[in-house]
Every structure is written in C-alpha cells, then in structure tokens.
Amino acid sequence: MTAPLTATTPRTRKNKNKSKIGAAGPMTYVIAYAFVGICIAPVLYIIIGGFRTNAQITSDPSGFPSPWRISNYVDVLSSPMFWQQIGNSAISAICTTIGVVVLGVMASYVLARYTFVGRGAMYSLFAAGLMFPMTVAITPLYILIKNLGLTNSLAGIILPQIAFALPTTVIILVPFLRAIPKELEEAAAIDGTSRLGFFFRMVVPLSVPGVVTTGILAFIGAWNSYMLPLFVLNNEASYTLPLGVQAFASQYSVDTARVLAFTALSMIPALIFFSLFERRIVGGLTGAVKG
Amino acid sequence: MSDSQGESSLATKTPPRGRSTAGGGAITAPSPAGRARRGRADWRKRAEIALLSGPAIIMFLAFVIFPVVMAAYYGFFKWKGYGVPTDFVGLENYLVIFKDTAFHEALMHNGFIVVMSLVMQGPAAVAVALLLNQKMRGRSLIRVLIFVPYVISEVIVGTGWGLMLQTSGAINDVLIKIGLPGWAVDWLSDPDVAIWSLMVILTWKYLGFAVILFLAGLQSIPEELYEAASIDGASYWQMQRSITLPLLGPTMRIWAFLSIIGALQLFDLVYIIWGQYVASTAGTSTMATYMVANGRNAGNYGYGNAVAVVLFLISLVIALVYQRFVLRRDTEGALTEGKKK
C-alpha cells in the first residue's frame, strides 16, 4: 500500500481539483450563501442597528435605518471611556501574548532539547494544566489576586491569563522545537556557540511559525476574556472591552441604538485582527488536527 | 570559555543517568580535571534549565495549580471569603450540593447542552464542510465569514442576540412580518423555550469553528482514495459514506471532545444574556453559573469552591472515560492499519 501511494503522489497533486472536488452546482451556492447569511446577519443587525434611533427601533424592531444616523457612533467614538477600555483590552491582550510567548518558548525549549531528571514530570504538569479550566479555579484565583493587591489592575488579569495559556503553548511548541535537527545544534556547538547562544540565534527564528499560532490564540483569548475580568476588575476605568460593553448595555439599557453602536465598534478591533491573521488561525487549527 | 562550551555540547550526547552521577557524586570521574570540567558543565546546564523554565513553572504553579488546590481546600469550609478559613465542615458542602434541586437542574441543563451540541452541530458542520470543500467561487471569503461568530467575544454575541430575542425584538418582529405571529414567543424568559434559544445561539457561535476543523480534516484525506473509488464506479454519496466519514473520524472525535468539555464549563453566554435581559437563569442555568450565583455572588466562597470541585471531577471523569474508550480507537486504528501495510 505504501509504495504505490508515494509513487502516485506527484500525479494526484496535479489532479487535485478534478476528482474529489466536483464543480459546485447552483444549489451549493444557494445553501452556502444562506449559511453565510445566517452567520453574519446578527453581526449586521448590530452594526446597522447602531445607525438607527431608539424611536425607529421601537416602532420597527427589524427594519433598516430611515434615515441613517451616525450620531450614536459619534457619541461612542467621542467618549473617553470607550477609548480607555480599548486601551485596557489592548494592553491586556498584548502583555498576555508577549508573556505567553516568551515564557512558553523558553520552557518548551528546555522540555524539547534538554535531558534531565524530572523532565517527564514537568511535561505532565503542563499537560495536566489543559484539564484545569479557569472556571474551576476562579474563586481562589480572585482571592489570590486580591491578596496580591492586584484587583482593578490589568496585571491582575494578565498574570493568570499568561499562566492559563501556558499549557496549550507548551503542548504546541514542544514538538515544534523538538523537530529542529540535532545536527544544527551540533554544528553550532562546533562553531563555538553555547546552548543559550544556539537558543537565541537558531531556535527563536526557527520557531516563529509555531510561536505566531500560539501567540494569536493567546491574543484572541485575552481580548475576549470575560470571566476573569468580571471577578478581578470592579472599577469602570480598569474595564476591558467585554466588561465595558456589558456595563454600557446595562447602564443605557433603554438607549438600545447607542448600545448597538458601542457593541458594533467594540467588535471592530477583533475583526480587523482576525482578517489580518485569518490564514494563520485556520492554518494553526489545520496543523492541530493533522498532528 | 570555548572549552566549557564544547564540554556542555558533548554532555548532551551522554545519557542522562551517567551525566548526573558524574556531576553529583563525581566518584567515578576519570580524572580530577575531567571531574571539574564536567561539574562545571553540569552546573551550567542546570542553571540554564532553571533560568529558561523557572519563570513559566513559577507562573503556572502560582496561578493555575495553587488556585485549583485551594479550591479543593476551601470546599471543606463554610467560608465567607475573607480571613483564614476556620469553619471546617468536612463534606457538608458536598451534601448540600447533591441535595439542592437547583444544582440538579443545572446539571441536567449541562447534560442537555452536551448532547444537543453534538447532535445539532456535528452533522450540520460535516454537511457544511463537505459543501464548502467543493470548488466554488468566493470560497475563501465564505470561510472567513463563517468564522466571524467564533471570533467575536461572548459579550458581543450575548448583547446582540439578547436584544434580538427580546419579546419586542427583531426576531419576533420578523416572524410577525412574514405571517407567523404564532411563532413569536418569549424566547428568553420562558424556561421551556430558553434552553432552545441558548442552543441556537451556541450553535451559531461555535458551528464555524467545527466547520473549519472539519475542512482541515477533509484536506488531509488522500486524493487517491477518491480516484480509485470513482474508477470502481462509486457514486458521490457512496464515496462520502465509505471514504470521507470514516477518515474524518479522528477529527470528529477530537471536535466532540472539545465540544463536550466546553459545554460542561459553559458560563459566559448564559451569565451575560440571562443576567442582562432576563435577570434569572431559570431554564438555562449551568453548573458554572450555579457556582458563581451560589458561591461568590451569595458570599459563600466555601460552597462555591465545593461546586467548582464537583464541576472539575465531572469534567475529569468524562474526559478520562472519553479518552479511554473513544480517542483510544484512533491510536488503535492507526496501529492495526500500520500492521496491515
């Protein structure tokens, strides 16, 4: 079975578009676009809703704006609180990402390239971390943060976010770093490079693809994080965007149009980030499934 | 300097046990000079290991392992969340949990969500993935758009759907406009309807993720199989049934695992929508919302932590059973197939 498989590989690559993937009929397009419509309709409802007035929403809950008003969006964009919360989310997500990547690469490097007593135990420890969702640890975590005096500070959500993202990062990066050929390391050693030198000059550049995938996962996780900020941040000035949206929605619950505008604007950064890294995200998932 | 570096790279080649005795005991070292150098290299290696992995381990122990252990500890106390817990009650919290009908309800909801997620999302995601795996115009744009619900945060999803599903919201308005006023119901506050509303929102949010996962799985199915089947005269449906679905098995089982664990831990969406628009999670409570409502929000930290432990144990048992009986088939299958080859 193996031999014919490898023999036919070049031919099949050429034929890829012919056999398995038949050209789609019109029905396929109808179903596919209907599905896409269902996926983005609620998102469009939020964005378009922001252009309406409350009177319009009350009289015609599912209608289009007539006329379109940008005042809700202008209001939100000119509110310092909105920008403050975007800033908080950005700081939290960026610091979490950097922390996860730096600590994750260093620990994964040790796990992948050093032999020492307790390595297996260390790997198992991180792997077991996958089984500890934040939900389980949230109350003691909150108390710990409180005792450290970090409530209402972004550090109080960044540190746990880094810690909880480490297991995934280590699990993804260790095989990646292990795959770097031993010969490279030996050649570097012959040239007089120490292991640490090898780490910075060879490992860091070579692990970029894996690092980008884990970094994106950490960034999205931190950007959308809800439960931890809910427990740790009680002061509106320290809120991240998800908490800000919720606070805004309950504070202005009668002002639906403005809530929709706030919600719409708060989703733009995530959507821009996603469209920039879409290939990486999907590619990372593909890798995870194949591996 | 260069000497010790050369030594350290040599050290990587020797088996770990030999090296640790040379560094630690140093009795068997061949010569005093060798012993000194080995000792230095070994010390250097240990320093590197500590330096590189230390920060991650400390963070992980402090913010993951320690809180989890503390959850188990606090669960034995009637603790209000401040000071040192002193009111040790043993297993009383656990007895209360198992007697509380509100917890039973939450547990039933979790079970319902687990089963319905698998039943609703699995087949739908496979069908959509098969559809999108065909050659069609705008395919990459479609793939981006169906991923949008997964990328936006739970709060945005909750706010948008919460507003749409209100009694006077857009969904009911559309139903009335298209001549189905009888279908316009109280989507969020009627407990019998609410869980279905939640399922629709969950499906909407997580279907794109499943589709992308299955599309990735489909890409890894070898082309030759379809060629061989089409030469043998197999129809499209025959090919899907006897090639695609079996070979998509591992992806499906991994997706199902993620879906089950996610459904057991579900908190955000329920807490956001039913806290914001209905102010009661009746009909949609989950173990996690029960934990927060009866733990932190009620001031009973000890009790909340006992709930967390129960939630964790249930997830753990299900995960272990799943890995033992379902995921193992993948490794076994791979082994037997390897033997056949």
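Predicted model: local features only at pLDDT ≥ 70, side-chain atom pairs only at ≥ 80, totals over all residues.
Residues are numbered from 1 along each chain as its sequence is written, and chains are lettered from A, with ligands numbered from 1, in the order in which they are written.

Apart from residues up to four places away in sequence, A:Phe126 is in contact (heavy atoms within 4.5 Å) with A:Leu111, A:Leu166, A:Pro167 and A:Val170 of its own chain, and with B:Ala56, B:Ile57 and B:Phe60 of chain B.

In chain B, an unreviewed UniProt entry annotates residues 49–76, 112–132, 144–164, 193–216, 254–274 and 301–322 as "transmembrane region"; the positions are given in the numbering used here, feature names are shortened, and such annotations may be inferred rather than shown by experiment. Over residues 49–76 the chain is 93% helix and 0% strand, with the end C-alpha atoms 38 Å apart, while residues 193–216 of chain B are 100% helix and 0% strand, with end C-alpha atoms 35 Å apart.

Over all chains, the structure holds 31 aromatic pairs, defined as rings of Phe, Tyr and Trp (its six-membered ring) with centres within 6.5 Å, and classed as stacked for planes under 30 degrees apart, edge-to-face over 60 and tilted for the rest. One of these, A:Tyr29 with A:Tyr33, is stacked at 6.3 Å centre to centre and 15° between the planes. Because these two tyrosines are 4 residues apart in helix α2 (residues 26–49) of chain A, about one helical turn separates them. Both A:Tyr29, at 26% relative accessibility, and A:Tyr33, at 41%, are partly exposed, a class that lies between buried (under 20% relative accessible area) and exposed (over 50%; 1.4 Å probe, protein chains only). A:Phe219 and A:Phe273 are also stacked, at 4.2 Å and 20°, and this pair links distant parts of the chain, 54 residues apart, in helices α11 (residues 208–224) and α14 of chain A. A:Phe219 is buried at 15%, as is A:Phe273 at 16%. In chain B, one aromatic cluster is formed by B:Tyr73, B:Tyr74, B:Phe76, B:Phe77, B:Phe88 and B:Tyr94.

B:Arg296 lies over the faces of two rings of chain A, at 5.9 Å from the ring centre of A:Tyr142 and at 4.2 Å from that of A:Phe231; the criterion places NZ of Lys or CZ of Arg within 6 Å of the ring centre and within 35 degrees of the ring normal. A:Arg258, in helix α14 (residues 256–290) of chain A, counts as buried at 18% relative accessibility. Beyond its neighbours within four places in sequence, A:Arg258 contacts A:Asn72, A:Asp75, A:Val76, A:Phe248 and A:Tyr252.

Finally, a search of the whole structure finds 0 disulfides over all chains, a disulfide being a pair of cysteine sulfur atoms within 2.5 Å. A:Cys39 is buried at 4% relative accessibility, whereas A:Cys95 is partly exposed at 34%.

Methods
Heavy atoms only, no water.
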